[in-house]
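Colleague: I would like to learn how to read the packing in a model. Please take me through it step by step.
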Amino acid sequence: RDLEVVGTDQASVARAHALGTHVLQRCRQWLQQKGDGPPRALFVTLRPVDRADFEGDYRVRVGTRGVVTLDFRWTASLSLETACHAFAEAAIIRYAYFNYGPSAPAQVRFWPVAALGAHSYVSLRSAEKLNYIESARLHGVGALQPLLEQNLNAAAAAAVSPRSGYWLWMTLREAGMGQAVVADLLRRAIAGWNIEPKLESILRAASVESAPINMEAWWQTHTEQWLSRSYDACESLE
């Protein structure tokens, strides 16, 4: 089993298990595993407020033998978006530990977690993509370099929006990069690398110009291009 969920309410456990399975599947589509993947299931607890001995909506812990535990403060105020981000973070921490070693989780960059969490959320609420885009138009997307440099702890301390990683993921896709290229960049960032040199080399290889690429200028130009388009969204009956 890839996921184990425990809680005090059977319906909540079933819903959390379904959501976690969905997010893990989305992450697996973009990340390659060694063999059959991590040997231990992701362990999830749904904790009432009086049993949540941590701050915030959730926490992710790595225990003995690499067992990754995701604890939720299970209340009505927990949003679907936050829950998707939490499952993505836990899945990527487990992936990093299994593929890159016990010290790897502390080095995981923030943006791939944010990207896959938001991607999982938007796949369930496709119309929310319009809200993401409107927010980016209103508040901007920020600078590229800090986004590429921040690990999970630094991003949490700075209260960075989880949507920022989705904007980078969208920009890479809108720039015409295939899934294999984007997946490689995701894995590099999960391994703790700043992908800027690799990204620049990809862009230079695809460019007819031989001059160095100003990455901040590339970032702002491409985000403005896809943000300026008109978008419609529709959801299936399901």
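Colleague: Are H1 and H2 parallel, perpendicular or oblique to each other?

Modeller: First, the ground rules. This is a predicted model, in which local features need pLDDT of at least 70 and side-chain atom pairs count only at pLDDT 80 or more, while totals for chains, interfaces and linings use all residues. Residues are numbered from 1 along each chain as its sequence is written, and side-chain values use heavy atoms, leaving out hydrogens and water.

Modeller: Now the angle. Axes are lines fitted to C-alpha atoms, for helices over the stretch in contact, and angles run from 0 to 180 degrees between N-to-C directions. Under 35 degrees counts as roughly parallel, over 145 as roughly antiparallel, 65 to 115 as roughly perpendicular, and the rest as oblique. Helix H1 (residues 10-30) and helix H2 (residues 80-100) pack at about 55 degrees, with axes 9 Å apart. H1 and H2 are therefore oblique to each other. Helices (H or I, at least four residues) and strands (E, at least two) are DSSP runs, numbered from the N terminus.

Colleague: Which residues of H1 and H2 make the contact?

Modeller: Contact means heavy atoms within 4.5 Å. On H1, the residues are Ala16, Leu19, Gly20, Val23, Leu24 and Cys27. On H2, they are Leu80, Ala83, Cys84, Phe87, Ala88, Ala91 and Arg94. By class, the contact of H1 with H2 has 11 nonpolar, 1 polar and 1 charged residues. Here Ala, Val, Leu, Ile, Met, Phe, Trp, Tyr, Cys and Pro count as nonpolar, Asp, Glu, Lys and Arg as charged, and the others, Gly among them, as polar.

Colleague: What is the order of the strands in the open sheet?

Modeller: Strands of a sheet pair through backbone hydrogen bonds, either parallel or antiparallel. Two strands pair if DSSP finds at least two bridges between them. In this open sheet of 4 strands, the order is E1-E2-E4-E3, and the pairing is mixed. Strand E1 (3-7) and strand E3 (58-62) are the edge strands, each pairing on one side only. Ignoring direction, neighbouring strands of this sheet are turned by 15 degrees against each other on average.

Colleague: How many bridges join E3 to E4?

Modeller: There are 5, and E3 runs antiparallel to strand E4 (residues 68-73). Arg61 has Thr69 in E4 as its bridge partner.

Colleague: Which strands do the two helices touch?

Modeller: H1 packs on the sheet and touches E1 and strand E2 (42-47). The direction of H1 makes about 155 degrees with that of E1. H2 also packs on the sheet, touching E1, E2, E3 and E4. The direction of H2 makes about 10 degrees with that of E3.

Colleague: Is His85 buried or exposed?

Modeller: Buried means under 20% relative accessible area, exposed over 50%, and partly exposed in between (1.4 Å probe, protein chains only). His85 is in helix H2. Its relative accessible area is 9%, so His85 is buried. Beyond four places in sequence, His85 touches Tyr58, Phe110, Val113, Ala114, Gly117 and Pro162.

Colleague: Where does Val108 lie?

Modeller: Val108 is in the loop between H2 and helix H3 (110-124). At 0% relative accessibility, Val108 counts as buried. Leaving aside neighbours within four places in sequence, its contacts include Ile92, Ala96, Leu152 and Ile190.

Colleague: Is Arg65 buried or exposed?

Modeller: Arg65 has 68% relative accessibility, so Arg65 counts as exposed. Arg65 is in the loop between E3 and E4. Its phi is near 60 degrees, a positive value in a residue other than glycine.
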